[in-house]
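Reader: I have a model open and would like to know what stands behind the labels put on it. Please set each label against its rule.

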Amino acid sequence: MRLHDFRVLTFDCYGTLIDWESGIHEALQPLLQKGGLDLPRDEVLEAFARHESTQQAETPAMPYAELLTEVHRNLADEWGVEVSDAVHARFGASVPDWPAFPDSAEALAYLKRHYRLVILSNVDRAGFAGSRRRLGVEFDAVFTAQDIGSYKPSLRNFEHMLETLAVQGIGKAEILHTAQSLFHDHAPAKRMGLASAWIDRRHDRDGWGATMPPPSGAGYEFRFPSLGAMAAAHQAEAIA
């Protein structure tokens, strides 16, 4: 199997293209400082992952900004910190402030010359609109949790995307799902029969950070430490 075997890349955005762990950690600083908490970064991210996953399962139709507001409220309760509703809402609205990975824009610009690029993301439309400006490329299609009414790893999100792309004449065998999260993306992609490329942004760190641990069977066909490395591998295939 080669990267050149595909003509569509479907992307998770947050954790893959946008550095959501840095964005989340930075946006949680007011809460941590108010509580006088000096917690290790990964402990903070793992707490976020637990609450986000639970909230997504409980309220799958809730827009992501509102969902993040509830996650912040639950983290405050867990850590015993009292803050105003405005502080909770500020965290909920933080997605457009999360930075892109340094390699994302350049790699996407290269990949755009060879593939159709599609987003399948667990955010709302307003949040992604802010992130899109950081990525510097026009995506051929964008599917958000707000559009679908559920959050990955629900198969419903992948089904919606595949059905829509099929109407455009794009078959499953032509798609390479490209993502960081084994939990949110690679496990359901395997169940849907999609090939996938793992952008292992945490390759130099232990643990799962802001995502839940993956279930067994979360396989993938390609693994790269960054999107830039994937673009370089595609370029190398063309030369070989």
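Reader: What makes the largest pocket a pocket, and how much space lies in it?

Author: About 170 Å³ of space lies in the largest pocket. On a 1 Å grid over the protein atoms alone, a pocket is an open set of points with protein on both sides within 12 Å along at least five of seven lines, whereas a cavity is a set where a 1.4 Å probe fits but cannot get out. The volume is the space filled by probe spheres set on the points, which are joined across faces, edges and corners. This is a predicted model, in which local features need pLDDT of at least 70 and side-chain atom pairs count only at pLDDT 80 or more, while totals for chains, interfaces and linings use all residues. Residues are numbered from 1 along each chain as its sequence is written, and side-chain values use heavy atoms, with hydrogens and water left out.

Reader: Which residues line the largest pocket?

Author: Among them are G23, H72, R90, F91 and W98; a lining residue has an atom within 4 Å of a point. By class, the lining has six nonpolar, three polar and three charged residues. Helices α1 (20–27) and α5 each supply at least two residues of this lining; a helix here is a DSSP run of H or I with at least four residues, numbered from the N terminus.

Reader: Why is F91 called buried?

Author: Buried means under 20% relative accessible area, exposed over 50% and partly exposed in between, with a 1.4 Å probe and protein chains only. F91 has 2%, so F91 is buried. F48, at 0%, therefore counts as buried too.

Reader: How do you know that α1 is mostly covered?

Author: Six of the eight residues of α1 are buried, including W20, I24 and A27. The buried residues pack against α2 (29–34), α3, α4 (64–79) and α5, where contact means heavy atoms within 4.5 Å.

Reader: Why is the pair of F222 and F224 called stacked?

Author: Their centres are 6.3 Å apart and the planes 10° apart, so the pair falls under the stacked cut-off.

Notes:
Phe/Tyr/Trp six-rings, centres within 6.5 Å; stacked < 30°, edge-to-face > 60°. Nonpolar A, V, L, I, M, F, W, Y, C, P; charged D, E, K, R; others polar.
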